[in-house]
Amino acid sequence: MSSLNREEILLLFDVDGTLTPARKTIEKEFEEFLYTKVKSKATIGVVSGSDLAKIKEQLNGDSLVDNFDYVFPENGLVFIKNGVEISKQSIQKHLGEANIKRLINFCLHYIADLDIPIKRGTFIDFRNGMINICPIGRQCTYEERLVFNKYDDEHQVRIKMVEALKKEFADVDITFAIGGQISIDAFPNEWDKRYSLHHVGTNFKEIHFFGDKTSIGGNDHEIFADPRTIGHTVVDPKDTERQLAELLNL
């Protein structure tokens, strides 16, 4: 249980599987719990591999940038504080067009040769701070997402693809991490969710991070294991709520 003042403690949250079910919207009761009870006790922020538009879809639109003190889309490569965009980083400038093109070409060839139950559209999602790679295609329905996720658990489609990517791009400053239920995030080394910590500096006595993909290879692992944070592994939003109530004595 924390006894710190609101200005001394920062709570950072992953989105999928932590604040919301995967690619679903936040439940109203949990949203009210966050914005009334939790925010009165701690500074709150959200850090996600998704871009701002996708985060807004899940956290009920523009109000999220007003309700969260910090919003870190794309692992913090986009930095929003108190509703105002402060800075933005670019993977295109960092890696260069030759490496970007090489990565996209490799992924499209690899996915074309994959024999999986379902394929849809949008296999590559190019963002400011990362490239999101999706073997099934991001245009899949929620039900198709669940089918692929179950198949992936059994056949390790994404784990095998990450291994192939690491081997192919060992000469490039890039990291590959499994994210959510259906995709792989590709970003420059150390541009994982720890990047968001650059923006908060030493302003807080405690920084807590809540996420569901905290094991090695998951896109929450690096910030979860970072010595600057106190990591919390959750299994779903209900578990997040339970752990918050315990931490803040709510």
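Visitor: Which residues does Arg127 touch, not counting those up to four places away in sequence?

Guide: Quick heads-up: this is a predicted model, in which local features need pLDDT of at least 70, side-chain atom pairs count only at pLDDT 80 or more, and totals for chains, interfaces and linings use all residues. Residues are numbered from 1 along each chain as its sequence is written, and side-chain values use heavy atoms, leaving out hydrogens and water. Touching, or contact, means heavy atoms within 4.5 Å. Leaving aside residues up to four places away in sequence, Arg127 touches Gly49, Ser50, Asp51, Lys54, Glu74, Ile91, Asn132 and Arg138.

Visitor: Is Arg127 buried or exposed?

Guide: Arg127 sits in the loop between β6 (124–126) and β7 (131–133). Buried means under 20% relative accessible area, exposed over 50%, and partly exposed in between (1.4 Å probe, protein chains only). With a relative accessible area of 5%, Arg127 is buried.

Visitor: Which residues does the UniProt annotation "binding site" cover along with Arg127?

Guide: The annotation comes from an unreviewed UniProt entry. UniProt positions follow the numbering used here, feature names are shortened, and annotations may be inferred rather than shown by experiment.

Visitor: What is the relative accessible area of Asp212?

Guide: Asp212 is found in the loop between β10 (206–211) and α9 (221–225). Among the residues Asp212 touches are Asp14, Asp16 and Gly17. Asp212 is partly exposed, and its relative accessible area is 23%.

Visitor: What covers the buried residues of α1?

Guide: Helices (H or I, at least four residues) and strands (E, at least two) are DSSP runs, numbered from the N terminus. In α1 (residues 28–38), the buried residues are Phe30, Glu31, Phe33, Leu34, Tyr35 and Val38. Their cover includes β1 (9–13), β2 (43–47), α3 (63–67) and α10 (237–248).

Visitor: And the whole protein: what is its radius of gyration?

Guide: The protein has ten helices and eleven strands. The protein is as compact as a globular protein of its length, because the rule gives 18 Å for 250 residues and its own radius of gyration is close to that, at 18 Å.

Note on methods
Rg over C-alpha atoms; globule rule 2.2 N^0.38 Å.
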